[in-house]
Amino acid sequence: MRSKPFRLLQYAFALCVAVFTLAPFAWLVISSVSYQKDLTTTPLKWIPDNLTFERYRDIFTNPDNEMAYAFKMAMINSFTVASTVTVIALIVGGLAAYAISRYRFRFREKLVYLFLFTYMIPSVVIVIPLYLLFSEMQMLDSKMTLVLLDLTFVIPFVIWVMQSYFDSISKEFDEAAAVDGCSRLQTLWYVVFPIVRPGIIATGILAFLLAWDEFFFSLLFTSSLEAKTISVAIAEFSGKNAVDYGMIATGGVLASIPPLLIAIVFQRYLVRGMVAGGIKE
Amino acid sequence: MKRKLSDAQFAWLIIAPSVVIVFGIVLYPLFETFLYSLKDLDLSAGSLGDYVWLHNYLEILSDGDFWASAGRTAYFAAVSISLELILGTLIALLLNEEIKGKTFLRSIIIIPWAVPTIVNGAMWKWIYHSEYGALNALLTQLHLIDHYHSWLNSPWMAMNMVIIADVWKMTPLVTIFLLASLQLVNKSVYEAAMVDGAGMIRRFFTLTLPYLKPTLLVIIVMRTMETFKVFDIIYAITQGGPANGTMVLTYQAYLKAFSNLQYSQGATISYLIGMMIALLTYGYVKMLKRGEAA
């Protein structure tokens with residue numbers, strides 16, 4: 001048993017942690033539903049007298065409000081890009097991880113390190129030639145280009161994490177399936193895939209979050225609502241001088257909802273995936 | 001069933017798409033950037049790329065601005081990582097105890113980490129606002145300050161404010177990693193130590209800390225690589241200002257290349273960033289290996 005003063009200290013610390021964790025984001029949520037005049041009074045009122053959901057309504061339904069419309073289109077772009085990246089990276093990277101985990105072939109080790117190396121390269125080291133190349137090919141400001149660029153770090157990430165999941169299941173399943181006459185792809189699909197499904201979900205979630213949070217490539221390679229992501233839209237409006245902070249807050253809350261939902265609903269999977277990816281021998 | 005492909009052929013076949021996409025897009029520009037760093041490609045001066053070999057490197061390495069940015073980057077990395085490790089360890093230890101509300105705390109702790117980096121930046125920028133910001137309001141109402149401050153107006157203060165924003169977002173990651181290791185701890189060793197009369201602080205330093213060391217090192221490596229290329233949160237809060245107070249290396253490379261169109265200078269700084277990260281990682285990994293051998 002712990003002593004009483006120590007217990008007290010623990011609870012005080014727990015309270016601080018809870019407050020510091022929640023307060024900043026809570027303030028963002030409050031700002032998004034407060035009237036502008038309540039946000040700009042001194043002394044600041046923490047709980048507004050009246051709530052307004054107009055900004056949310058504007059984002060979803062009002063094409064005439066420039067900022068709201070930009071946020072809506074950018075959210076749709078982010079969704080399209082992040083889901084496409086996730087699906088492609090899981091299939092392509094998952095297959096590669098399976099091969100690396102199951103088969104022995106020349107340069108296997110070197111290949112693993114080469115993928116890890118690409119994952120660690122700072123984006124800034126490769127963007128200048130890519131920018132010149134894509135602008136020559138007239139591929140700037142396109143969602144497809146952004147998907148390709150995101151894949152360069154999401155695929156290595158998927159390979160790195162999935163490999164540890166494949167390593168953790170016994171090869172005997174594969175061998176038994178082969179004896180029963182399954183082809184390699186059938187074995188993968190009917191035997192291995194169902195077993196590693198939790199791993200695939202965890203990896204997929206982390207891949208989606210990586211793509212959703214990506215900023216540097218989007219900033220440089222997109223310019224219009226055709227392909228701009230929500231992070232770029234928020235950064236752009238929050239960088240202006242006369243800013244509607246309530247609207248920024250609303251965009252911010254909406255942009256946080258997908259990752260927050262994922263993080264809270266899939267917490268168990270997520271933690272396992274993160275630890276598998278980070279701590280590997 | 002007849003198998004036409006050998007195992008190795010089949011393996012390469014299903015690895016091929018990854019190799020084509022990843023190396024196809026990364027290796028060419030990686031090499032090309034290196035060539036740029038050896039040329040004088042500078043659209044602002046109208047020069048289109050004659051080889052100048054190491055001239056860019058010598059010029060940048062003798063440039064005070066570069067070293068100032070490197071110093072700020074190192075400060076950002078060192079302070080954020082230390083704070084995240086200390087807070088993360090304390091919170092992980094707390095969540096590993098039997099306290100009421102543990103489940104609740106564990107489920108909210110992940111929230112900051114899930115908030116996208118740019119949203120996090122915009123949120124803190126709003127909190128730090130000099131006229132309407134929540135921080136000014138809070139500190140004034142608690143009578144801790146007597147007038148509103150412009151938190152982002154002085155170079156050094158701005159850097160620290162950005163660090164707070166980064167620590168808020170990244171501490172949960174450290175906590176989650178450490179908590180995962182703590183839950184695998186063999187409890188009986190602790191009970192034995194308690195029977196032997198080892199106090200709490202002593203138990204922490206002789207049992208817990210050595211046990212957590214590998215995980216801590218992994219976190220330090222990961223976070224060093226991330227903080228040395230920090231860009232997004234700086235872009236969202238201060239854009240390198242005020243008076244270059246938050247001008248970190250990646251931001252400097254970005255400005256040189258995409259705002260001044262000095263491609264070669266940008267490329268050179270990028271390569272220097274890459275080399276620093278590689279050196280640091282190499283150093284840590286060596287430390288890690290030595291730790292394991294001991």
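Predicted model: local features only at pLDDT ≥ 70, side-chain atom pairs only at ≥ 80, totals over all residues.
In chain A, 76% of the contacts between residues at least 6 apart in sequence join residues at least 24 apart.

**Exercise 1. Describe the secondary structure and the overall extent of chain A.**

Solution. 
- Step 1: Count the elements. Chain A contains 14 helices and zero strands.
- Step 2: Read their order. From the N terminus on, the elements run α-α-α-α-α-α-α-α-α-α-α-α-α-α.
- Step 3: Consider the extent. The C-alpha trace of chain A spans about 75 × 70 × 35 Å along its principal axes.
- Step 4: Consider burial. Of the 281 residues of chain A, 44% count as buried.

**Exercise 2. Determine how chain A is divided into domains and which elements supply the side of domain 1 that touches domain 2.**

Solution. 
- Step 1: Locate the domains. Domain 1 of chain A covers 1-52, and domain 2 covers 63-278.
- Step 2: Take their separation. The C-alpha centres of domain 1 and domain 2 of chain A lie 33 Å apart.
- Step 3: Count the residues in contact. Seven residues of domain 1 of chain A are in contact with six residues of domain 2 of chain A.
- Step 4: Assign the domain 1 side to elements. Helix 1 (4-32) and helix 2 (36-39) of chain A each supply at least two residues, and the largest share, four residues, comes from helix 1.
- Step 5: Classify the residues. This side of domain 1 has three nonpolar, four polar and no charged residues.

**Exercise 3. Decide how helix 1 and helix 13 of chain A are oriented relative to each other, and identify the residues that meet.**

Solution. 
- Step 1: State the quantities required. Two packed helices are described by the angle between their axes and the distance between the axes.
- Step 2: Read the values. Helix 1 and helix 13 (residues 245-265) of chain A pack at an angle of about 120 degrees, with axes 7 Å apart.
- Step 3: The crossing of helix 1 and helix 13 of chain A is left-handed.
- Step 4: Name the residues. From helix 1, A:Leu28, A:Val29, A:Ser31 and A:Ser32 meet A:Tyr245, A:Gly246, A:Ala249, A:Thr250, A:Gly252 and A:Val253 of helix 13.
- Step 5: Classify them. The residues of this contact comprise five nonpolar, five polar and no charged.

**Exercise 4. Characterise the contact between chain A and chain B, then examine helix 7 of chain A against helix 1 of chain B.**

Solution. 
- Step 1: Count the residues. The contact joins 73 residues of chain B to 71 residues of chain A.
- Step 2: Find the main contributor on chain B. Helix 1 (residues 7-37) of chain B gives the most to the side that touches chain A, with 18 residues.
- Step 3: Classify that side. It has 55 nonpolar, 12 polar and six charged residues.
- Step 4: Examine the helix pair. Helix 7 (residues 143-168) of chain A and helix 1 of chain B pack at about 125 degrees, with their axes 9 Å apart; the two are therefore oblique to each other.
- Step 5: The crossing of helix 7 of chain A and helix 1 of chain B is left-handed.
- Step 6: Name the residues. On the chain A helix, A:Leu148, A:Leu151, A:Thr152, A:Ile155, A:Pro156 and A:Ile159 meet B:Ser18, B:Ile21, B:Val22, B:Ile25 and B:Val26. By class, the contact has nine nonpolar, two polar and no charged residues.

Key: Residues numbered from 1 in each chain as written. Chains lettered and ligands numbered in written order. Buried ≥ 20, exposed ≤ 12 C-beta atoms within 10 Å, placed from the backbone. Contact = placed C-beta atoms within 7 Å. Nonpolar A, V, L, I, M, F, W, Y, C, P; charged D, E, K, R; others polar. Axes fitted to C-alpha atoms, helices over the stretch in contact; angles between N-to-C directions. Parallel < 35°, antiparallel > 145°, perpendicular 65-115°, else oblique. Left-handed = near helix turned anticlockwise from the far one by under 90°. Domains from an automatic or database assignment.
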